[in-house]
Amino acid sequence: MLKPRSFRTDEVELLSNRIVRLSEEIYVLSRWKYGVPPLGGFYGADETRLRSILRTIIFHLVLLKLCRFRTDADNLLLCSTKATVQSKLSVRVAGCCAIECYIAVGKLSGECCEMKISIIKSTTLVIFVLCLLSLTASLTDAQQQRVRRGRGSAATSGSQRGMARVEERNVRAHIEFLASDALQGRGSASQYELITGHYIAAQLRQFGIEPAGDIDAASGGKTFLQTVALAEAKYTWNVVGQIRGSDPKGSREAVLLSAHMDHLGTGDLASGDNIYNGADDDASGVVAVLELARALGAGPKPKRTIYFVLFGSEETGGHGSRYFIARPPLPLSSIVANLQFEMIGRPDPKVPPSTLWLTGFERSNLGAGLAKNGARLVADPHPDQNFFQRSDNYALAKRGVVAHTVSSFGLHKEYHQPSDDLSHIDFAHMTRAISSIIQPVRWLVNSTFKPTWVEGKKP
Ligand SMILES: [Zn+2]
């Protein structure tokens with residue numbers, strides 16, 4: 001038995017923050033199993049991950065507990081008597097004691113996974129843990145239906161807790177505007193690209209993101225928009241927002257999350273539908289960045305600084321990203337990673353369901369690092385298409401930043417056609433895709449992991 005001692009307040013906070021973060025990850029993982037109806041259950045890897053997270057949580061709880069009490073840890077997890085216990089999960093903690101965690105379907109919310117942890121700090125540091133978890137493997141069909149019926153109400157309670165989750169209605173809300181005919185295909189360097197930028201800026205403002213674009217002449221403060229002068233008195237725009245890192249050292253490093261907001265505008269009316277809505281390319285990527293901003297803006301402050309950047313005029317040669325690279329808000333060497341999001345509006349049949357791919361996966365250890373931390377991210381199954389070189393990430397990669405594009409583009413025939421519109425978007429896929437990347441990104445922005453290029457693979 002460890003020798004009891006009092007933890008300092010900052011140690012308790014550190015541990016409890018970690019527990020909250022891990023419990024959010026459990027939530028995200030558990031969403032997968034209901035999000036994929038044809039397969040139903042947890043994927044093997046996810047279940048392994050779930051167990052490993054659970055073990056870590058319990059280890060932290062034991063540490064907290066041991067700081068005051070000599071105890072066997074078997075009373076640590078108090079399961080709600082209102083829950084139907086389905087199965088038990090035994091977890092060994094650091095080889096010193098075994099804990100049984102009850103895996104249950106919570107009747108309280110009907111949600112597939114409901115986990116509440118509250119830590120009450122008092123003179124004796126009492127920990128109450130209410131842990132209700134479920135594993136699909138142990139659920140009968142009837143129980144699964146009950147869980148599905150209850151999902152709506154649980155979503156509300158989840159957002160009240162400020163947890164990392166993506167709502168399909170929010171995904172729809174963004175993309176229905178961005179890919180609407182009203183935006184006339186968001187043509188590069190057009191008035192419609194500017195309107196798109198203002199919409200994105202308004203969303204970032206709501207999510208508590210700090211503007212990091214041009215200085216407003218009137219107020220002297222920063223705006224979200226960055227105006228980029230092009231030739232022939234034309235302009236394009238970027239949108240730049242940030243969350244400053246909370247860690248003194250980490251805040252000097254940044255993770256850049258990006259997408260391009262422009263598309264091809266309008267074409268010849270004679271052909272009928274002349275509006276290139278660009279729902280997949282790249283309204284879907286913009287939505288990913290927006291929902292990442294919502295999730296990361298609501299959670300605890302990240303250790304590293306995060307930039308949310310939406311580039312203009314990608315389709316006409318990457319003018320927005322080139323401007324950003326020429327005048328970065330911090331030295332490019334301080335950007336530890338860039339994830340560009342492109343075309344995640346539909347699944348790619350070439351990869352397993354609910355999986356995203358990363359361009360140039362084998363070129364650096366970023367993809368593997370994210371995958372190890374819960375991302376369902378694999379190598380680009382279309383290497384002959386050279387997608388690594390075909391988005392804004394490439395200009396950054398050429399300057400040394402470990403920069404890749406996340407996508408699930410399955411080479412559909414709507415690519416760069418007026419028919420790339422809302423009717424072809426798979427909202428459930430998009431919601432799951434964005435949801436799945438949040439926790440891995442949260443890990444990245446709180447870690448000290450510095451992705452590096454594989455020897456000889458740096459562009
Ligand atoms: Zn694109």
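Predicted model: local features only at pLDDT ≥ 70, side-chain atom pairs only at ≥ 80, totals over all residues.
Modeller: The buried residues of α5 pack against α4 (168-178), β6 (225-229), β7 (235-243), α6 (279-298) and β9.

Biologist: Which residues of α5 are buried?

Modeller: They are Y192, E193, T196, G197, I200, A201, Q203 and L204. An α-helix has 3.6 residues a turn, so residues three or four places apart point the same way.

Biologist: Why is L310 called buried?

Modeller: The cut-off is 20 or more other C-beta atoms within 10 Å. L310 has 32, so L310 is buried. L310 sits in strand β9, residues 305-311.

Biologist: What makes I200 a contact of L310?

Modeller: Contact requires C-beta atoms within 7 Å. I200 meets that for L310. Leaving aside neighbours within four places in sequence, the contacts of L310 also include N238, V239, S258, A259, M261, V286 and V289.

Biologist: How far apart are L310 and T196 in sequence and in space?

Modeller: They are 114 residues apart in sequence. In space, C-alpha to C-alpha, the distance is 9.9 Å.

Biologist: How do you know that the span of α5 is close to the expected one?

Modeller: Helix α5, residues 191-206, has 16 residues. At 1.5 Å a residue, 22 Å is expected. From first C-alpha to last, α5 reaches 23 Å, close to that value.

Biologist: What follows α5?

Modeller: G208 does, with a positive phi near 80°.

Biologist: What percentage of the protein is buried?

Modeller: Buried residues make up 46% of its 459 residues. The secondary structure comes to ten helices and 13 strands.

Technical notes:
Residues numbered from 1 in each chain as written. Helix = DSSP H or I, 4+ residues; strand = E, 2+ residues; numbered from the N terminus. Buried ≥ 20, exposed ≤ 12 C-beta atoms within 10 Å, placed from the backbone. Contact = placed C-beta atoms within 7 Å. Expected span 1.5 Å × (residues − 1).
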